[in-house]
Amino acid sequence: MITVTEATAAAEPLKRLSDAGVSIWLDDLSRKRIASGNLAELVATKHVVGVTTNPSIFQAAIGTGEGYEEQLADLAARGVTVDEAIRMMTTADVRDAADILRPVHEATDGRDGRVSIEVDPRLAHRTRATVAEAKQLAWLVDRPNVMIKIPATDAGLPAITEVIGRGISVNVTLIFSLERYRQVMDAYLAGLEKARDAGLDLSAIHSVASFFVSRVDSEIDKRLTKLGTDEALALKGRAALANARLAYEAYEEVFAGERWLALARSGANEQRPLWASTGVKDPAYKDTLYVDELVAPGTVNTMPEATLDATADHGDLRGDTVTGGYTQARADLDAMERLGISYDEVVKQLEDEGVAKFELAWGDLLEAVATSLKTKGVDGE
């Protein structure tokens, strides 16, 4: 049992991160975490003010069946489809997490206290189906602090506009490229304009844009290592930070423009950049690299619990580490291009892989739940 004093001391770097204008969200959710009181404890002691989920997270949580036995038995008794069972379980978890975060949501006027749930990844390339799924998820969770995650695919962009235009808050996910990020911001602004024209309250609509970090280094570092020259090896571990910093520069530019200012006068909220995939994948790098080096006001950093704990223990929080670094960031990406590493090729590959990985995780989850439903159905006969 930790004492209040110990918890406060451990979380001091997290307080500095929060004070620097970064909202700390947990990139994980499970029924066990909710029922045990762990999520509430993280909110109380480690400055966690939001939760993100994705198909891989739910596959890990529900795939074992732990904590879901009674609901699985009930669903089996009703003879529901596998897809319906998954949605009933995932939305129940998100609803409960949203209730835990509700005081944060109210204290921050809706800015934080958010819990995100993703549309079925198999719909990533279908605009109308994505919109329909987003509406259904918002209805099922039925909490003002839910955010619906929509992937930043070509088909996802018009879906973002339509869903925002209906007054539903959105977490745009799987953003890897600067060009795509600008398209995402444009889709958000178009959605706000649509909502304004429909007479909706813009102040109630929130959005974040999830810009993925570590996967960029994983792919580009692999190519730099293959080149093997001193120049190439000196660039390892710099691509992801450069990419994210230039994304923040784009954010500053767009949300200082006249199109945005007109919406702001109508009560709109900025779409904040969210740093996703911030767990370090290369053990050679400091485990808090993508936290320490991506501190900027008005951002969100969603962390797996290991990264959250590492930051609480030894994070090197020294204020803003993003603004002012744009020239060096461009130089780093340009240097990689000169070595023959195509930025456009890498980010396209990462987007395709991101969608495929979530589809695979969802497929594994479908299989696990199908087996559980069959077993529970037999047991209950």
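Let's start inside the fold: G156, L157, A159, I160, T161, V163, I164 and G165 are the buried residues of helix α9. Here "buried" means under 20% relative accessible area, while "exposed" means over 50% and "partly exposed" falls in between, with a 1.4 Å probe and protein chains only. Helices (H or I, at least four residues) and strands (E, at least two) are DSSP runs, numbered from the N terminus. Before going further, know that this is a predicted model, in which local features need pLDDT of at least 70 and side-chain atom pairs count only at pLDDT 80 or more, while totals for chains, interfaces and linings use all residues. Residues are numbered from 1 along each chain as its sequence is written, and side-chain values use heavy atoms, with hydrogens and water left out.

Back to α9, which covers residues 156-165: 8 of its 10 residues are buried, so the helix is largely enclosed by the rest of the structure. What do those buried residues pack against? They meet α8 (127-141), β4 (146-151), β5 (170-175), α10 (178-197) and β6 (207-212). After the helix comes G167, which has a positive phi, near 85°.

UniProt, in an unreviewed entry, puts the feature "active site" at K149; its positions are given in the numbering used here, feature names are shortened, and annotations may be inferred rather than shown by experiment. Is K149 buried or exposed? With 5% relative accessibility, K149 counts as buried. Contact means heavy atoms within 4.5 Å, and, leaving aside neighbours within four places in sequence, K149 is in contact with T52, T53, N54, S116, I117, E118, V119, N171 and T173.

N54 turns up again when you look at the open space in the model. Rolling a probe the size of a water molecule over the atoms shows where empty space is left. The search uses a 1 Å grid over the protein atoms alone: a cavity is a set of points where a 1.4 Å probe fits but cannot get out, a pocket is an open set with protein on both sides within 12 Å along at least five of seven lines, and lining residues have an atom within 4 Å of a point. Grid points are joined across faces, edges and corners, and a volume is the space filled by probe spheres set on the points. The largest pocket holds about 290 Å³ of space. It is lined by 20 residues, and D27, N54, F212, R215 and S277 are the closest to its centre. At least two lining residues come from each of α5 (55-62), β5, β6 and β7. Sorted by class, the lining has 6 nonpolar, 10 polar and 4 charged residues, where Ala, Val, Leu, Ile, Met, Phe, Trp, Tyr, Cys and Pro count as nonpolar, Asp, Glu, Lys and Arg as charged, and the others, Gly among them, as polar.

Now for the charged pairs. Side chains of opposite charge can pair when their charged atoms come close. A salt bridge is a side-chain nitrogen of Lys or Arg within 4 Å of a carboxyl oxygen of Asp or Glu, and the whole structure has 33 of them. In one, E133 pairs with R87, with the closest N and O atoms 2.6 Å apart. That pair links distant parts of the chain, since E133 sits in helix α8 and R87 in helix α7 (residues 82-107), 46 residues apart. Both E133 and R87 are buried.

R102 is partly exposed at 29% relative accessible area, whereas E106 counts as exposed at 51%. D112 and R272 also meet in a salt bridge (3.1 Å, N to O). D112 lies in the loop between α7 and β3 (114-118) and R272 in strand β7 (residues 271-276), so the pair ties together parts that are 160 residues apart in sequence. Both D112 and R272 are buried. Elsewhere, E219, K222, R223 and E345 form a network of salt bridges.

Helix α7 also holds L101, which counts as buried at 0% relative accessibility. L101 and V43 are 58 residues apart along the chain, and their C-alpha atoms are separated by 7.8 Å.
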